[in-house]
Amino acid sequence: MTIEVAYERRGAGEPLVLIHGIGHHWRAWEPVLDRLAEQHDVIAIDLPGFGRSPVPSGGMPTDMPQTVAAVALWLDEQGLHRPHVAGNSLGGAIALELAAAGVVASATAISPAGFWTRRHMRYALTVLTVMRWGTLLPQPVVRANMRPSRTRALAFAMLMRHPGRLDAERAVADALALRGAAGFRPVARAAARGYEFRGAPSVPVTVAWGDRDRILLPRQAGTARERLPQARHVTLPGCGHVPMSDDPALLAEVILATTATRNG
C-alpha cells in the first residue's frame, strides 16, 4: 500500500505529530498550532482519505491495525523517529495505538475512540453521519449556510461547546472537508465492526476528555481510566468533542505537559 499524506508543518524542536478525527482535516489543530510550534517541530497531518490526502493506492485500510501500520510507515519514511503524537477522536485512538506499538515518544489522546460501548459507538457514528449528510448540499448552499453565525453555531453544536468561535472561512473549510472525506464511510464501517482499545503503552500517555463532549460521551473517560491506569487523565472543563476550538490555551498546555514528560 502506497500512501500520500498532506500536512502542515511549523516550528522547531522535537517532532510532534497531530492527528485529526473522522471527517476532519489538519486545520482542526489550527487554534493550537502556533503555541505548540513555540516548542516543537509540529506536523499536522491529513489522514489518508481525508483533507488533501488521497485514498491509498491499495484502498483504505480496513481496520485499526492497518491504519496504524500505514501511519507508522509514513512516519518512518519521513524520518520521524519516535515523535510525540497527539490525536483527537479517531486520531486519539491512533495516537494510543502508536504508543502501544512503541513507535512514539509520548501520546496525548483527546476524547479517543475505542472506550465506548456498542450502543455509544452506534450513537456517535449516527450523529457524525447525519452531520455529513448536511454537508452534501450543493457547495454554494453549504457556503451560504456557514456565513451567518447562527447557522454556523447550529452546524457545529454537536462538536463544540462554543461553535460561535469558528469564523465563516474556517467553518466552510471544515464542512467541505467532511463532505469530501472519501475515507469517512470505510472508517465508519471499520469502527462499527467493534473496535476497542486494549493496548498497554509504556511511554507517557495523557487522556483528555471534554466534560461537554456530545459525540464520545464523558462517561467513556471512566472506561479509559480503568484500561489505562498508568496514564494521566485530564478533564477539560467547558469543552466539547473538539476542544482545540473550545479552549486552545488549555489544550496546548495539556499536550505540552505530556511531551515534557520523560520515563524514568
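Let me start with a definition: a residue is buried under 20% relative accessible area, exposed over 50%, and partly exposed in between. Keep that scale in mind.

One caution before we go on. This is a predicted model.

Now the sheet. Seven strands form an open sheet. Their order is β1-β3-β2-β4-β5-β6-β7. The pairing is mixed. At the edges sit β1, residues 7-10, and β7, residues 232-236. Each of these two pairs on one side only. Between neighbouring strands of the sheet, the average turn is 15 degrees, direction ignored.

Look at one pair of strands in detail. Strand β2 covers residues 14-19, and strand β3 covers residues 40-45. The two run parallel. Six bridges join them.

Is H233 buried or exposed? Its relative accessible area is 18%, and the cut-off for buried is under 20%, so H233 is buried. Who are its partners? Leaving aside neighbours within four places in sequence, H233 is in contact with V207, A224, R225 and L228. There is a polar partner too. A polar atom of the H233 side chain lies 2.8 Å from the backbone oxygen of L228.

Now two serines with a backbone feature to point out. Some background: most residues other than glycine have a negative phi. S89 has a positive one, near 65 degrees. S89 sits in the loop between β4 and α3. The relative accessible area of S89 is 8%, so this serine is buried. The other serine is S111. Its phi is positive as well, about 45 degrees. S111 is found in the loop between β5 and α4, and α4 is 118-134. How accessible is S111? At 0% relative accessibility, S111 counts as buried.

On to charges. How many salt bridges does the count come to? The count comes to nine salt bridges. I will pick out some of them.

Back to E169, as promised. E169 forms a salt bridge with R27. The closest N and O atoms are 2.8 Å apart. E169 lies in helix α7, residues 168-179, and R27 lies in the loop between β2 and α1. These parts are 142 residues apart in sequence, so the pair ties them together. The two ends have their own labels. R27 counts as buried at 15% relative accessibility.

Next stop, E196. Its relative accessible area is 36%, so E196 is partly exposed. E196 meets R198 in a salt bridge, 3.0 Å from N to O. R198 counts as exposed, at 60% relative accessibility. E196 also forms a salt bridge with R227. There the closest N and O atoms are 3.9 Å apart. This pair links distant parts of the chain. R227 is in helix α9, and E196 is in the loop between α8 and β6. They are 31 residues apart. R227 counts as partly exposed, at 22% relative accessibility.

E8, R10 and D34 are linked in it.

V203 is placed in the loop between α8 and β6. At 10% relative accessibility, V203 counts as buried. How far is V203 from R35? Their C-alpha atoms are separated by 23 Å. Along the chain, the two are 168 residues apart.

That is the tour. Thank you.

Conventions
Residues are numbered from 1 along each chain as its sequence is written. This is a predicted model: local features need pLDDT of at least 70, side-chain atom pairs count only at pLDDT 80 or more; totals for chains, interfaces and linings use all residues. Side-chain values use heavy atoms; hydrogens and water are left out. Two strands pair if DSSP finds at least two bridges between them. Helices (H or I, at least four residues) and strands (E, at least two) are DSSP runs, numbered from the N terminus. Axes are lines fitted to C-alpha atoms, for helices over the stretch in contact, and angles run from 0 to 180 degrees between N-to-C directions. Buried means under 20% relative accessible area, exposed over 50%, partly exposed in between (1.4 Å probe, protein chains only). A polar contact is a pair of N or O atoms within 3.5 Å; within protein, one must be able to donate a hydrogen and the other to accept it, and residues adjacent in sequence count only if both atoms are side-chain atoms. Contact means heavy atoms within 4.5 Å. A salt bridge is a side-chain nitrogen of Lys or Arg within 4 Å of a carboxyl oxygen of Asp or Glu.
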